[in-house]
Amino acid sequence: MAFSSSSLLRLDHIAGKGKGLVAAQSLKAGQVILRESPLIIYSSSPLISTSSPSSLFPYCDHCFRTLPTNTIPCPSCSYHHFCSHKCFSTAFNTFHSSLVCHALSHLKDSESLQQQPYERQVQARFVVAAYNLAIISPSGIHAFLSLHGTPDDTIVEAAKFLHSLISPLFPPSVNISVDLTAQLLAKDRINSFCLMNPYSPDGPQRSIKAYAIYPKASMFNHDCIPNACRFDYVDSADLDDEHNNTDMVIRMIQDLPEGREVCISYFRISRDYCTRKRILMDDYGFSCECDRCKIEANWPHDCQNYVEEYSDLPHVRFIAKYVCDRKNCNGTLAPKDDAHTNVLECNFCGNLKSDTA
Ligand SMILES: C[S@@+](CC[C@H](N)C(=O)[O-])C[C@H]1O[C@@H](n2cnc3c(N)ncnc32)[C@H](O)[C@@H]1O
């Protein structure tokens with residue numbers, strides 16, 4: 001995977017972590033180091049529901065912004081809704097092609113899928129999106145298959161079911177086997193980024209509206225004290241014409257010298273040690289050896305008192321500074337840009353805060 005468009009990052013082998021990204025020159029806090037459009041993006045809503053689709057999933061099926069009152073239903077399936085003719089026509093040539101539309105409509109009425117758990121229905125959406133990618137972008141599917149991730153028994157079982165259900169809905173020329181379907185599902189599990197429902201101070205809690213694959217951003221390894229973090233502007237109303245609202249933006253939290261690894265956190269950084277350890281093992285298959293984990297591994301279960309007691313530790317100070325304290329948020333703060341490093345922006349609620357430290 002080429003990073004030639006950006007001389008800021010270099011793909012390297014990182015001991016104990018596989019591939020990773022290192023700073024190819026010194027990077028500044030607030031600097032945008034990567035901006036990327038999704039290769040695949042799909043809704044997190046179940047395919048099968050008795051409620052009206054736009055009340056169940058009140059987002060445009062292309063840009064994932066909140067739907068206006070007058071929505072544009074897909075003229076073929078009437079099930080998926082778009083916020084504008086522009087979104088519908090772009091989707092029709094990409095993520096909601098006639099093949100996708102036909103496949104999703106068929107699956108919506110599938111009795112065997114109806115009996116499956118919610119998670120399998122979302123996986124079905126992903127498999128349709130991935131088979132479609134294989135048709136519209138051979139280089140895209142190749143980039144996707146080069147990502148990290150190996151199928152386990154659970155994924156192979158899911159792949160057998162989903163392949164038998166979905167492959168007949170695509171032309172035989174797509175040529176995707178059960179094995180390849182399992183590969184696709186395994187890559188999705190490790191590499192997909194969640195796009196969240198908009199922040200609300202009074203709840204509900206954070207929830208996911210879509211999943212997306214960004215192949216370059218997938219090369220960042222995890223650290224529980226990251227030096228960079230992701231932003232998306234899915235719900236932003238004032239983007240310039242050059243940028244799509246579903247683009248992923250990775251921005252530096254702190255300065256970093258050339259040659260050091262750039263890491264993001266795979267979840268919000270306020271999570272306690274036990275939760276982090278469980279997510280990293282269950283979802284990503286590794287045990288984190290970062291400086292913060294080495295210290296917190298020796299803390300008792302009730303970590304919160306220790307956070308107070310060790311408020312002088314560098315990582316405790318980092319969390320106090322970079323976790324957003326707005327009600328119901330807990331997002332990560334990073335300098336808004338490299339010219340105004342004293343203004344911190346939250347990557348979840350969007351709040352701006354001045355850095356007084
Ligand atoms: C999204 S990929 C990141 C790129 C990956 N290292 C590669 O070689 O393509 C996530 C995977 O990278 C590895 N990884 C990421 N962060 C790690 C860390 N802090 N320690 C060990 N392995 C890590 C794990 O295998 C994880 O499942």
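Trainee: Does Phe64 count as buried, partly exposed or exposed, and why?
Mentor: Phe64 counts as buried because it has 25 C-beta neighbours inside 10 Å. A residue is buried if 20 or more other C-beta atoms lie within 10 Å of its own, exposed if 12 or fewer, and partly exposed in between, with C-beta atoms placed from the backbone. Please bear in mind that this is a predicted model: local features need pLDDT of at least 70, and side-chain atom pairs count only at pLDDT 80 or more, whereas totals for chains, interfaces and linings use all residues. Residues are numbered from 1 along each chain as its sequence is written.

Trainee: Where is Phe64 found?
Mentor: Phe64 is in the loop between α1 (53–56) and β5 (72–73). Helices (H or I, at least four residues) and strands (E, at least two) are DSSP runs, numbered from the N terminus. Although Phe64 is not a glycine, it has a positive phi of about 65 degrees.

Trainee: And what is phi of Asn330 near?
Mentor: Phi of Asn330 is near 65 degrees, a positive value in a residue other than glycine. Asn330 lies in the loop between α12 (314–322) and β13 (333–337). With 17 C-beta neighbours inside 10 Å, Asn330 counts as partly exposed.

Trainee: Changing topic, how many helices and strands does the protein chain have?
Mentor: The protein chain has 12 helices and 15 strands. Buried residues make up 36% of its 357 residues.

Trainee: What radius of gyration does the protein chain have?
Mentor: The protein chain has 21 Å, which agrees with the value near 21 Å for a compact globule with 357 residues. The radius is taken over C-alpha atoms, and the globule rule is 2.2 Å times the number of residues to the power 0.38. Along the principal axes, the C-alpha atoms fill a box of roughly 60 × 45 × 45 Å.

Trainee: Into which domains is the chain divided?
Mentor: The protein chain is divided into domain 1 (9–37 + 214–354) and domain 2 (40–193); such bounds come from an automatic or database domain assignment. The contact between them takes 12 residues from domain 1 and 12 residues from domain 2. Two residues are in contact if their C-beta atoms, placed from the backbone, lie within 7 Å. The centres of the two domains, taken over C-alpha atoms, are separated by 29 Å.

Trainee: Then where does the ligand lie, and why?
Mentor: Domain 1 and domain 2 both give residues to the shell around the ligand, so the ligand lies between them.

Trainee: Which residues come nearest to the ligand?
Mentor: Of the 17 residues around the ligand, Gly18, Lys19, His148, Asn221 and Tyr284 come nearest. A residue is near a molecule or strand if its C-beta atom, placed from the backbone, lies within 6 Å of it. The elements that give two or more residues to this shell are β2 (18–23), α8 (178–191) and β9 (221–222), and β2 gives the most, with 3 residues.

Trainee: One last item: which strand holds Thr341?
Mentor: Thr341 has its place in strand β14 (residues 340–346). With 18 C-beta neighbours inside 10 Å, Thr341 counts as partly exposed. Leaving aside its neighbours within four places in sequence, Thr341 is in contact with Ala29, Gly30 and Pro335.
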